[in-house]
Amino acid sequence: MSVIIKITDQDLGFESKKMSNPEIRMASRGIVINKDGLIAVIHKKLKHEYKLPGGGVEHKEKGYETFQREVLEETGCYVDIMNYLGLVEEERCAKNFKQISYIYISKVLEDTRRLHRTHQEEDEQLEVVWMELDDAIEKIKGCYPKLKPSSYHDLYYTQFAVLRDQKILEYYKENKKPIRDAVRTFLIDDGRVACIEYQKGNVGFLDIPGGKIEEGETPTDASKREFLEETSLHVKNLDLIGTIFIEYPNRIYKMKVSLTHDFEGTPKNTDENKAYFIAIPDLLKKERRYAITELLDKKYQHNFQKHNLLLKFVVDENHHILEVEDLN
């Protein structure tokens with residue numbers, strides 16, 4: 001997985017030393033955005049510390065599961081992950097300790113307004129505050145000279161955490177892209193998959209039926225509507241098999257992916273596209289530009305079967321795949 005930020009003792013003004021078999025801790029943290037576009041910032045009053053929500057990965061947790069749990073505990077919010085940014089590495093040479101954090105962007109689904117603080121967090125007087133992005137960066141940056149140690153963490157530990165989260169927010173600001181919610185549905189029948197062939201725009205490209213989720217729609221409702229509009233087929237009994245993120249140079253698609261074998265009707269062409277069934281091997285021979293068609297490759301079939309598809313594709317403007325990361 002790609003490292004987007006690396007921090008060492010030298011970034012704190014100390015001498016960096018080579019570590020020997022350091023203790024390694026995996027963690028998850030990131031950006032939580034509410035309906036007003038504000039970002040959640042954790043304030044520990046006792047230490048004058050401002051930071052982002054997050055914490056250590058517990059036994060058998062996936063990175064995204066840790067993030068959602070930590071966000072719920074520290075902010076009281078249930079969140080939907082909108083994108084995965086990459087890894088942040090902290091090499092705390094003075095402690096012979098290395099922390100590697102998964103970094104996510106998320107939006108609030110529900111704010112319970114009830115924190116689940118640990119004894120440590122109660123002692124450090126943890127609270128959540130909501131800020132504009134620039135204000136959050138300035139608040140985190142501004143707290144650095146005022147930081148105080150606690151009985152749980154020394155100043156060195158806290159300085160690393162604050163500098164790390166400042167850099168995460170600065171990276172997010174510099175690389176911020178619009179994120180669009182969308183769906184795709186695989187209708188597979190006797191070794192064939194329903195596809196569309198564009199007649200306008202990307203003429204000749206083959207794709208899997210789907211599109212954007214309209215306001216107020218569920219992913220299932222959007223999948224059924226888009227399939228009907230693009231193919232005239234009524235799909236039924238959809239199984240949600242996971243999520244993929246497709247990152248272009250200037251935008252990101254977060255796609256809920258479904259699978260079904262149940263349908264009614266006959267494919268019909270529209271002004272925008274042709275619609276037909278095609279043998280899966282033939283589709284893969286003809287179309288390897290789209291990340292969504294790539295999912296039919298055998299290497300991803302276990303994700304289909306386990307209903308745990310969670311992948312990120314980085315692509316260029318011509319839809320060619322540059323990088324793939326399995327986020328499970």
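Me: Leaving aside its neighbours within four places in sequence, which residues is glutamate 294 in contact with?
Reply: The model is predicted. Glutamate 294 lies in helix H7, residues 291-294. With neighbours within four places in sequence set aside, its contacts are Arg288, Lys299, Tyr300, Phe313 and Ile321.

Me: Which side chain makes a polar contact with the side chain of glutamate 294?
Reply: Lys299 is among the residues in contact with glutamate 294. The polar contact joins the two side chains at 3.2 Å, and the partner of glutamate 294 is lysine 299.

Me: Does glutamate 294 count as buried or exposed?
Reply: Buried means under 20% relative accessible area. Glutamate 294 has 10% relative accessibility, so this residue counts as buried.

Me: How many Å apart in space are glutamate 294 and leucine 283, C-alpha to C-alpha?
Reply: In sequence, glutamate 294 and leucine 283 are 11 residues apart. From C-alpha to C-alpha, the separation in space is 9.5 Å.

Me: Which residues touch the most other members of the largest nonpolar core?
Reply: This core has 34 residues. Elements giving two or more residues to it include strand E9 (179-189), strand E10 (192-198), strand E14 (239-248) and H7. The members that touch the most others are Phe186, Val193, Ile244 and Leu295.

Me: Leaving aside its neighbours within four places in sequence, which residues is phenylalanine 186 in contact with?
Reply: Phe186 is one of the residues that touch the most other members of the largest nonpolar core. Once neighbours within four places in sequence are set aside, phenylalanine 186 is in contact with Val193, Ile208, Val257, Ser258, Leu259, Thr260, Ile292, Leu295, Leu296 and Phe304.

Me: How many residues are in the second, separate core?
Reply: Ile5, Ile39, Leu133 and Leu163 are included in this second core. Its number of residues is 26.

Me: What distance does helix H1 reach from its first C-alpha to its last?
Reply: Helix H1 covers residues 63-75, which is 13 residues. At 1.5 Å a residue the expected value is 18 Å, and the helix comes close to it. From first C-alpha to last, H1 reaches 18 Å.

Me: Which residues of H1 are buried?
Reply: The cut-off for buried is under 20% relative accessible area. In H1 the buried residues are Gly63, Thr66, Phe67, Arg69, Glu70, Val71, Leu72, Glu74 and Thr75.

Me: Why does glutamate 49 count as buried?
Reply: Glutamate 49 is found in strand E4, residues 49-51. Its contacts, apart from neighbours within four places in sequence, include Ile42, Leu147, Ala161 and Val162. The side chain also makes a polar contact with that of lysine 47 at 3.1 Å. Glutamate 49 counts as buried because its relative accessibility is 2%.

Me: How many disulfides does a search of the whole structure find?
Reply: Cysteine 143, at 3% relative accessibility, counts as buried. Cysteine 195 is buried too, with a relative accessible area of 0%. Across the whole structure, the number of disulfides found is 0.

Me: How many of the contacts in the protein with a separation of 6 or more are between residues 24 or more positions apart?
Reply: The protein has 8 helices and 19 strands. Of its 328 residues, 51% count as buried. Among contacts with a separation of 6 or more, the share from residues 24 or more positions apart is 70%.

Terms used. Residues numbered from 1 in each chain as written. Predicted model: local features only at pLDDT ≥ 70, side-chain atom pairs only at ≥ 80, totals over all residues. Heavy atoms only, no water. Helix = DSSP H or I, 4+ residues; strand = E, 2+ residues; numbered from the N terminus. Buried < 20%, exposed > 50% of the residue type's maximum accessible area, 1.4 Å probe, protein only. Contact = heavy atoms within 4.5 Å. Polar contact = N/O pair within 3.5 Å; in protein donor to acceptor, adjacent residues only side chain to side chain. Core = buried A, V, L, I, M, F, W, Y, C linked by side-chain atoms within 4.5 Å. Expected span 1.5 Å × (residues − 1). Disulfide = S-S within 2.5 Å.
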